[in-house]
Amino acid sequence: MNAPAPLHTAETLRSALAAALDGLPARQAAQAVERLIANYRGATPTDAPILRDRADVAAYAAYRMPATFEAVRSALEAFADTVPGWAPGDHTDVGGGTGAAAWAVSATWAGDRPVTVLDWAEPALALGRELAAANPALHAARWHRSRIGAALTLDGADLVTVSYVLNELTAPDRAALVDAAAGAAQTVVIVEPGTPDGYARVIEARDRLISAGFRVAAPCPHSAACPIVPGTDWCHFSARVSRSSLHRQVKGGSLPYEDEKFSYVAATRLPVTPAPARVVRKPQIRKGQVLLDLCETDPALHRTTVTKRHGDRYRAARDTDWGDPWPPAGHA
Ligand SMILES: C[S@@+](CC[C@H](N)C(=O)[O-])C[C@H]1O[C@@H](n2cnc3c(N)ncnc32)[C@H](O)[C@@H]1O
């Protein structure tokens, strides 16, 4: 489980969202969320934006943006660990909606950089711009209408993010988007829901990026084929998210948080040192031992048991979370 984002960015986002929802009657917001959930469960892709008006985007943002923000931030953090000292000089977020990935980049790498958010839904871009007023790193961000399809072209950028978008696209549009990102970016980070289908779309994109000359930096410790036999399992991770009041209104429940499951790939043309292995399931802590399910460089999936007699390594294993590299730095 990845730790939540530095509190100030997550909290700034939360209060910007609360301010944006202020004035939207709770019942209208709840109805918009219900409609969006139904739409996202239904047959996508669509020919026209699902996010039609301000009530839709405000509801989407309040309900989903804290979760997509935390998922992208976790993926970026894993990537950042493989390129210590590097920070993107500029960033483009495609299908960026209200800007969750732009916020996540600003939470991962300090400082300002040119940021461009592209989406076909004008109301999403408008709300994204409004929310970004609360984040100094995004004051100069550009919010542009752009349709993902065969005609998509992207300007060169150090980092291109594609977050929770592939599932809204047809197969040819997914291919066009990944190819455009590969042609424009030094590093591409793709995040999808942590479902079997989301994982399958990530693997499809991963293969395309490798064919275009990229190396996988995270989560995989290698750029060879994924060792998971298709249909038997799916690689995914988890990010903890505080639940918003709208979330609680719509879904009920009393837990103050939820765990957002996501699949991702971070691929790059930069020289990178991927983790030697990554923990791909929630570690099981037993009396005197920790069971870690690892994806290793062979490439292979492998369970290792770390016991008390491993000393420091055992203590490190007890602190290791799902999604973390193994062994941690300094324990090789
Ligand atoms: C589920 S939302 C994700 C938004 C944002 N990336 C995030 O992680 O919160 C999907 C976004 O993709 C955009 N989108 C879907 N199909 C698109 C297309 N063909 N061209 C441009 N944007 C598209 C939608 O308008 C929406 O903003």
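This is a predicted model: local features need pLDDT of at least 70, side-chain atom pairs count only at pLDDT 80 or more; totals for chains, interfaces and linings use all residues.

Colleague: Which residues come nearest to the ligand?

Modeller: T68, G95, D119, I148 and S163, out of 19 residues around the ligand (a residue counts if one of its heavy atoms lies within 4 Å).

Colleague: What does the side chain of D119 do there?

Modeller: An N or O atom in the D119 side chain is 2.6 Å from a ligand oxygen. S163 puts a polar side-chain atom 2.4 Å from an oxygen atom of the ligand. With I148 the backbone is involved: one of its N or O atoms lies 2.8 Å from a ligand nitrogen.

Colleague: And how much of the ligand does the protein bury?

Modeller: 97% of the 600 Å² that the ligand exposes when taken alone (accessible areas by the Shrake-Rupley method with a 1.4 Å probe; for residues, only the protein chains shown count as cover).

Colleague: Now the inside. Which residues touch the most other members of the largest nonpolar core?

Modeller: F79 and V191, in a core of 66 residues. A nonpolar core here is a set of buried Ala, Val, Leu, Ile, Met, Phe, Trp, Tyr and Cys residues joined through side-chain atoms within 4.5 Å. Buried means under 20% relative accessible area, exposed over 50%, and partly exposed in between, with a 1.4 Å probe and protein chains only.

Colleague: Which helix gives the most to this core?

Modeller: Helix α3, residues 54-82, with 15 residues (helices are DSSP runs of H or I, at least four residues, and strands are runs of E, at least two, numbered from the N terminus). Another core, of 28 residues, lies apart from it and has I148 and F214 among its members.

Colleague: Is helix α4 covered or open?

Modeller: Mostly covered: 9 of the 9 residues in α4 (100-108) are buried, including W103.

Colleague: P123 next. Why does P123 count as partly exposed?

Modeller: Because its relative accessibility is 24%. P123 lies in helix α5, residues 122-132.

Colleague: Last one: how many residues are in the hairpin between β11 and β12?

Modeller: The hairpin joins them through 3 residues. β11 (289-296) and β12 (300-307) run antiparallel, joined by 8 bridges (strands pair if DSSP finds at least two bridges between them), and E296 stands opposite A300 in β12.

Definitions and conventions
Residues are numbered from 1 along each chain as its sequence is written. Side-chain values use heavy atoms; hydrogens and water are left out. A polar contact is a pair of N or O atoms within 3.5 Å; within protein, one must be able to donate a hydrogen and the other to accept it, and residues adjacent in sequence count only if both atoms are side-chain atoms.
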